[in-house]
Amino acid sequence: MGEGVLKRYARYLPLTPDTPALSIGEGETPLVRSHHLAGELGIDDLYFKLEGCNPTASFKDRGMVVAVAKALEGGYTTILCASTGNTSASAAAYGAAAGIETVVLVPRGNVAEGKLSQAVAYGARVITLRGNFDAALAIARELAEARSVCLVNSVNPHRIEGQKTAAFEIVDVLGDAPDLLFIPVGNAGNITAYWKGFREYRDVGNAARLPRMMGFQAEGAAPIVEGRAIEDPQTIASAIRIGNPANWAGALAARDESEGDIGMVSDAEILEAYKLMARTEGIFCEAASAASVAGLIKHVRGGADVTGRTIVCVITGNGLKDPGLVQEIADRAPEEAPANVEAVARLLGEPVSGTSGGGGKRS
Ligand code: F0G
């Protein structure tokens, strides 16, 4: 346990004897069975891949460890990325562990507080741009071409290589690929990587089948669904507020080759899934992550037959990244009471004295 992606999946990765053995414990994330949603939707086997359990609390660490190890191998002393937040947190962490400088470009006002705090804590140089993610990525790409900094966005193929290990883990646990994989789509690196991972595992005989890839974008930021770049993408799920995904072609290939789909879900549907995951599964995820669950709900409500199917939803990041968003689903404010048992008991509507208690227990 905790050996990291490079060591665990070395033979499937582009490593050489000179690639440093970098790790801060990424990978081996839980694949947990649904407690409630499966029954509600009539699904026999529904699992959540909890990528928020990675060291920086998002899926980005798998690809980042490979990208940064290869940057070290290539002699780079600075890594650079554009980000809606999670990539920057991950780059900053691995940059710190590798002992190199990290520069992150983020859109002003649209990065969750926890993610920015991470980049700052890990000591990255944070540059806030008066523009959106797509503008930041264009600038990062141009800078990396002209200078000796290593671009660690998912246009860097090493990111995809590391990221595909999430698909390996799902097959390692289930014994085969699921029938359907639901996944949020922003810059489309993740869906591209999962599809590559499932295919590679099938090709070496570790899986007998391939899943249908079901990607979901947010309605106001759904360039792939609409078939055109979106100038000013808008969604409450800031992580996937992207109008011109860099891995667009990879997402289309995953969709078409797997006979899957790329659809969109509204902010209201995303928030419903975000709340449902927390309230009925005990999984506090990011809004962007909830897009995969919202997509599944939409798929089933739309009449799809899911009986006998094994389904995995990729939960890309931890809800703690964006504590402010909880306001959107809070229907009970924290209550205040003086620090004595009578006052708290009164608040709970319990008898103040006596030890029969048991108000919170099932009889
Ligand atoms: N979920 C979360 C929590 C994300 O942070 C992202 C992307 C996605 C889903 C979509 O994944 O881009 O591979 O299609 N975040 C990037 C970032 C863009 O900068 O952190 P994708």
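The structure is a predicted model, in which local features need pLDDT of at least 70 and side-chain atom pairs count only at pLDDT 80 or more, while totals for chains, interfaces and linings use all residues. Residues are numbered from 1 along each chain as its sequence is written, and side-chain values use heavy atoms, with hydrogens and water left out.

Oxygen atoms of the ligand face polar atoms of the protein at several positions. In the side chain of Ser-83, an N or O atom is 2.7 Å from a ligand oxygen. For Asn-86, a side-chain N or O atom is 2.8 Å from an oxygen of the ligand. At Thr-84 a polar backbone atom is 2.8 Å from a ligand oxygen. A polar contact is a pair of N or O atoms within 3.5 Å; within protein, one must be able to donate a hydrogen and the other to accept it, and residues adjacent in sequence count only if both atoms are side-chain atoms. The ligand taken alone exposes 470 Å², and 98% of that is buried by the protein; accessible areas come from the Shrake-Rupley method with a 1.4 Å probe, and for residues only the protein chains shown count as cover.

Two glutamates have positive phi values. Glu-28, which is not a glycine, has a positive phi of about 55° and lies in the loop between helix H1 (5–8) and strand S1 (31–33). Glu-28 is partly exposed because its relative accessible area is 23%, where buried means under 20%, exposed over 50% and partly exposed in between (1.4 Å probe, protein chains only). Glu-259 also has a positive phi, near 55°, and is placed in the loop between helix H11 (248–257) and strand S9 (261–265). Its relative accessibility is 63%, so Glu-259 counts as exposed.

Other positions were examined by accessibility and C-alpha separation. Val-32, in strand S1, is partly exposed at 27% relative accessibility, and its C-alpha is 5.3 Å from that of Tyr-47, 15 residues away in sequence. His-36 belongs to the loop between S1 and helix H2 (37–41) and is partly exposed, with a relative accessible area of 45%. The C-alpha atoms of His-36 and Leu-46 are 9.7 Å apart, with the two residues ten apart in sequence.

Ser-154 lies in the loop between strand S6 (150–151) and helix H7 (157–163). With 9% relative accessibility, Ser-154 counts as buried; from Thr-87 it is 67 residues apart in sequence and 9.1 Å apart in space, C-alpha to C-alpha. Ala-304, in the loop between helix H13 (287–301) and strand S10 (310–315), is partly exposed at 25%. Between Ala-304 and Gly-27, 277 residues apart along the chain, the C-alpha separation is 32 Å.

Notes:
Helix = DSSP H or I, 4+ residues; strand = E, 2+ residues; numbered from the N terminus.
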